Amino acid sequence: MNTSQSSIIEVSNIRVEVVRKPIKNLHLSVHPPDGRVRVSAPSRIDDEAVRLAVISKLRWIRRHQQTFAAQSRQSQREMVSGESHYFMGRRYHLNVLEHGGPNRISRKGNSELTLHVRPGADRVKREQVLNEWYRQHMKSLVPDLITEWQPVIGVQVADWGIKKMKTRWGSCNTRDHRVWLNLELAKRPLHCLEYVLVHEMVHLLERHHNDHFKSLMDQFLPQWRSYQDELNKVPLAHEEWAP
Ligand SMILES: [Zn+2]
């Protein structure tokens, strides 16, 4: 779900995504978790002017990137009892039980996840077990969603898969009609998974994020914008100034 009307410039070793929009001011934002930098610029401003504008904010950008780096080190999960983990938009309390049987997850109601692992299973192993559980859950949901949406959108998905992606919620190979979904969607409410799937399926009708694409989304999933906002939650650092 990257924006096709955007371009990338490099400023002092910082990769900056520049999105041209019919706006008056420049908007600069630094996004968690990895400190991605994005500039929305008025259409009439050229790349060189954007570059100069970004240079004038380099200290501000670096400061926020450092904050995010510190935050993501902090939010690194230890996979121990007492932590909070998300599943389908709800927060669960994690219990870790060491036992001799196979590794598995059990869920009690809408509040507790128990991770049953072999004695000595380390953080990486524990995380693998949880991720596999997330993956199985998504695998059980996606086929029905595809079956439901294919006749509505009027396209056929030939193949689909789930993988970890750093910067995108989903992607679509329009030639092979193959859709990829981000494993992270298992942590979000079901309507977020459905929105990303519909978005990727609509790419089989329209490759670009243009007005045609948006009008198709409006037609199939009128509330898609609020789901998009929910997924791309307000960036933590944001500045606006007149060029
Ligand atoms: Zn897209």
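Which are the buried residues of H4? I began my notebook with this question, and since the model is a predicted one, I treat what follows as a reading of a prediction.

**Entry 1: helix H4.** The list I wrote down for the buried residues of H4 runs Cys192, Leu193, Glu194, Tyr195, Val196, Leu197, Val198, His199, Glu200, Met201 and Val202. I then asked what covers these buried residues of H4, and the answer includes H3, S10 and S11, together with helix H5 (211-220) and helix H6 (224-231). I also checked the length of H4: at 1.5 Å a residue its 13 residues should span 18 Å, and because the end C-alpha atoms are 18 Å apart, the expectation and the model agree.

**Entry 2: the zinc ion.** I went next to the zinc ion and noted that His199, His203 and His209 coordinate it, each through its NE2 atom, at 2.1 Å. Reading along the chain, I found that these donors follow the spacing H-x3-H-x5-H. His199 is also among the buried residues of H4 that I had listed above. Are His203 and His209 buried or exposed? I found that His203 has 8% relative accessibility and, because buried means under 20%, counts as buried, and that His209, at 10%, counts as buried by that cut-off too.

**Entry 3: a sheet of four strands.** I traced another open sheet, in the order S5-S6-S8-S7, again noting mixed pairing. Strand S5 (84-87) and strand S7 (104-108) stand at its edges with a single partner strand each, so one side of each has no neighbour in the sheet. Here the neighbouring strands are turned by 35° against each other on average, direction ignored. S7 and strand S8 (residues 112-117) pair in the antiparallel sense over five bridges, and I noted Leu115 in S8 as the bridge partner of Ile105.

**Entry 4: two buried polar residues.** I looked up His85, which is found in strand S5, and saw that it is buried, with a relative accessible area of 6%. The side chain of His85 is joined to that of Glu83 by a polar contact of 2.8 Å. Leaving aside residues up to four places away in sequence, I listed what His85 touches, including Arg77, Met79, Tyr92, Leu130 and Tyr134. Last, I turned to Ser29 in strand S3 (residues 26-31), which is buried with a relative accessible area of 8%, and whose side chain makes a polar contact of 2.9 Å with the side chain of His31.

Definitions and conventions. Residues are numbered from 1 along each chain as its sequence is written. This is a predicted model: local features need pLDDT of at least 70, side-chain atom pairs count only at pLDDT 80 or more; totals for chains, interfaces and linings use all residues. Side-chain values use heavy atoms; hydrogens and water are left out. Donors are N, O and S atoms within 2.8 Å of the metal (3.2 Å for Na, K and Ca); water is not among the atoms, so sites may look incomplete. Buried means under 20% relative accessible area, exposed over 50%, partly exposed in between (1.4 Å probe, protein chains only). A polar contact is a pair of N or O atoms within 3.5 Å; within protein, one must be able to donate a hydrogen and the other to accept it, and residues adjacent in sequence count only if both atoms are side-chain atoms. Two strands pair if DSSP finds at least two bridges between them. Axes are lines fitted to C-alpha atoms, for helices over the stretch in contact, and angles run from 0 to 180 degrees between N-to-C directions. The expected span of a helix is 1.5 Å times one less than its number of residues. Contact means heavy atoms within 4.5 Å.
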